[in-house]
Amino acid sequence: MPLLEIKDLNLDFIVNDTSLRAVDGVSLHIEAGETVCLVGESGCGKSVTALSIVRLVPSPPAQYVGGEILLKGRDVLKMSKAELCSIRGGVVSYIFQEPSASLNPVFRVGRQIKESLKLHRPEIATDVEVIRLLKLVGIPA
């Protein structure tokens, strides 16, 4: 079973009673351990596609009009709010392109990583784990 499978996803934005297609027939198949990059021109739907995986695109104005998003075989489009909260950050996480939207420069990065771990994986939210993660991405000090 793939980790993530998107089948013919179509998402519209409803603006002034007009339907505007933002994602048009996107399909992906991602196995555990794979790395996938969405590449394209500005405004082509990369961010909307990525945010759709855990339904982070506000509805309204967004409307899922077709397709499936299967995360470990479970249909994300049929999940309750509680189910979505349980996978956001813990199962599916994002690293956004704009660092000021992702990290607060007022706080040390280690503190921010630990805060996320406390929220999603409290059993491993330790300074040792934060240091391990920073070393893993090439930030040893």
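The model is predicted. It holds eight salt bridges, and some of them are described below. Residue N10 and residue I14 both belong to strand β1, and helix α5 spans residues 127-136.

**Salt bridges**

- R21 and D24 form a salt bridge, with 3.6 Å between the closest N and O atoms.
- R21 is partly exposed, at a relative accessible area of 45%, whereas D24 has 58% relative accessibility and counts as exposed.
- R21 and D24 also belong to a network of salt bridges that takes in D12.
- K78 and D75 are joined through their side chains in another salt bridge, at 3.9 Å from N to O.
- K78, by contrast, is exposed, at 71% relative accessibility.
- A further salt bridge links D127 with K114, and here the closest N and O atoms are 3.0 Å apart.
- This pair connects distant parts of the chain: D127 lies in helix α5, K114 lies in helix α4 (residues 109-120), and the two are 13 residues apart.

**N10 in strand β1**

- N10 sits in strand β1, which runs over residues 4-15.
- N10 has a relative accessible area of 10%, so it is buried.
- The side chain of N10 reaches the backbone oxygen of D8 at a distance of 3.0 Å.
- The N10 side chain also makes a polar contact with the side chain of R21, at 3.1 Å.
- Setting aside neighbours within four places in sequence, N10 is in contact with R21, V23, D24, G25, Q63, Y64, V65 and G66.

**I14 in strand β1**

- I14 is also found in strand β1.
- Is I14 buried or partly exposed? I14 is partly exposed, with 34% relative accessibility.
- Not counting residues up to four places away in sequence, I14 touches S19, P61 and Q63.
- I14 and Q63 are 49 residues apart along the chain, and their C-alpha atoms are separated by 7.2 Å.
- Q63 is also among the contacts of N10.

- The buried residues in α5 include E129, V130 and L134.
- Why do these residues lie on the same side of α5? They are on the same side because they cover an arc of only 135 degrees around the axis.
- Helix α4 is part of what covers the buried residues of α5.
- The face of α5 turned away from its buried side carries V128, K135 and L136, which are exposed.
- L136 is a residue of helix α5, and its relative accessibility is 63%.
- L136, V137 and I139 make a nonpolar surface patch of about 310 Å².

Conventions. Residues are numbered from 1 along each chain as its sequence is written. This is a predicted model: local features need pLDDT of at least 70, side-chain atom pairs count only at pLDDT 80 or more; totals for chains, interfaces and linings use all residues. Side-chain values use heavy atoms; hydrogens and water are left out. A salt bridge is a side-chain nitrogen of Lys or Arg within 4 Å of a carboxyl oxygen of Asp or Glu. Buried means under 20% relative accessible area, exposed over 50%, partly exposed in between (1.4 Å probe, protein chains only). Helices (H or I, at least four residues) and strands (E, at least two) are DSSP runs, numbered from the N terminus. A polar contact is a pair of N or O atoms within 3.5 Å; within protein, one must be able to donate a hydrogen and the other to accept it, and residues adjacent in sequence count only if both atoms are side-chain atoms. Contact means heavy atoms within 4.5 Å. The arc is that of the directions from the helix axis to the C-beta atoms. Patches are made of residues with over 30% relative accessible area and no salt bridge: like charges are joined within 9 Å, nonpolar side chains (Val, Leu, Ile, Met, Phe, Trp, Tyr) within 5 Å. Accessible areas come from the Shrake-Rupley method with a 1.4 Å probe; for residues, only the protein chains shown count as cover.
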